[in-house]
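Have the structure open while reading.

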Amino acid sequence: MGAAAERAAEESEEWGGVSPDAARRLVRAAVEAFAERGYHATTTRDIAGRAGMSPAALYIHYKTKEELLYRISGIGHEKALRIMGAAAEAEGSATERLRDAVRTFARWHAEHHTTARVIQYELQALSPEHYAEITGLRRRTDRLLRQIIQDGQDTGEFRTDDVPGTTLAVLSLCVDVARWFTADGPRTPDEVGALYAGLVLRMVGVEAD
């Protein structure tokens, strides 16, 4: 599969639930614009132009620029929650679940680094109501990871004096992948996931295999 086909497959997975096609094109265009220019410097005209549409056509699907950011943020954070939930609910030791959670979470932030950069670093631009909803999703993701780490602490697999602080450090490490990762960089998303999983296990005191 070529690079263009791979990108198309990723976008289909990422935005497959957005319909109709025009609304999906606007979401993709907004992600690109917000990532490149920042939310506040991006205009609705910028977004519509990137989508090959008129500014008036944008308002048929999204009332405001903020509504577009909210839609993007919701999809991204729900995906993050599903990733963490799958790892937390899986069978296996806390070590196995933490390895899987970090590998998958970090890999997603690399594979979808443009989207992840927007949802992680433009959060403050949301309206108070939308901000509260999205931060609620973030807290649920935090609790799932915290429970995995607490399980490992309780069973003696992990050695950490501060489970909440360790949870915050792990999430911050994974989220930051979106800031620096580039598709033409030295590591693939899979390699980033594997690297970060190993780093986090050492962080909680698990000896390397």
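## Helix α2 against helix α5

Which residues in α2 and α5 meet? From α2 come L26, V27, A30, V31 and F34. From α5 come K65, L68, L69, R71 and I72. By class, this contact has eight nonpolar residues, two charged ones and no polar ones. Keep in mind that the model is predicted.

Now the geometry. Helix α5 spans residues 65–89. The axes of α2 and α5 are 10 Å apart, at an angle of about 95 degrees. An angle from 65 to 115 degrees counts as roughly perpendicular, so α2 is roughly perpendicular to α5.

## Helix α2 against helix α7

Helix α2 covers residues 21–37, and helix α7 covers residues 113–121. They pack with axes 9 Å apart and an angle of about 70 degrees. These two helices are therefore roughly perpendicular to each other. The crossing of α2 past α7 is left-handed.

On the α2 side, the contact uses V31, F34 and A35. On the α7 side, it uses T114, T115, R117 and V118. The residues of this contact divide into four nonpolar, two polar and one charged.

## Helix α6 against helix α7

Helix α6 runs over residues 94–111. Its axis and that of α7 come within 5 Å. They cross at roughly 100 degrees, which means α6 is roughly perpendicular to α7.

Which residues make this contact? W108, H109, A110 and E111 contribute from α6. H113, A116, I119 and Q120 contribute from α7. The classes are four nonpolar, three polar and one charged.

Side chains of opposite charge can pair when their charged atoms come close. How many salt bridges does the structure hold? The count is ten. One of them joins the side chains of R24 and D21, with an N to O distance of 3.5 Å.

Why are R24 and D21 separated by about one helical turn? Because they are three residues apart in helix α2.

## Annotated regions

The feature "domain: HTH tetR-type" is placed by UniProt at residues 20–80. Over residues 20–80 the chain is 77% helix and 0% strand. The end C-alpha atoms of residues 20–80 are 24 Å apart.

The UniProt annotation "DNA-binding region" covers residues 43–62. Residues 43–62 are 70% helix and 0% strand. The end C-alpha atoms of residues 43–62 lie 13 Å apart.

Conventions:
Residues are numbered from 1 along each chain as its sequence is written. This is a predicted model: local features need pLDDT of at least 70, side-chain atom pairs count only at pLDDT 80 or more; totals for chains, interfaces and linings use all residues. Side-chain values use heavy atoms; hydrogens and water are left out. Axes are lines fitted to C-alpha atoms, for helices over the stretch in contact, and angles run from 0 to 180 degrees between N-to-C directions. Helices (H or I, at least four residues) and strands (E, at least two) are DSSP runs, numbered from the N terminus. Angles under 35 degrees count as roughly parallel, over 145 as roughly antiparallel, 65 to 115 as roughly perpendicular and the rest as oblique. A crossing is left-handed if the near helix is turned anticlockwise from the far one by less than a right angle, and right-handed if clockwise. Contact means heavy atoms within 4.5 Å. Ala, Val, Leu, Ile, Met, Phe, Trp, Tyr, Cys and Pro count as nonpolar, Asp, Glu, Lys and Arg as charged, and the others, Gly among them, as polar. UniProt positions are given in the numbering used here, feature names are shortened, and annotations may be inferred rather than shown by experiment. A salt bridge is a side-chain nitrogen of Lys or Arg within 4 Å of a carboxyl oxygen of Asp or Glu.
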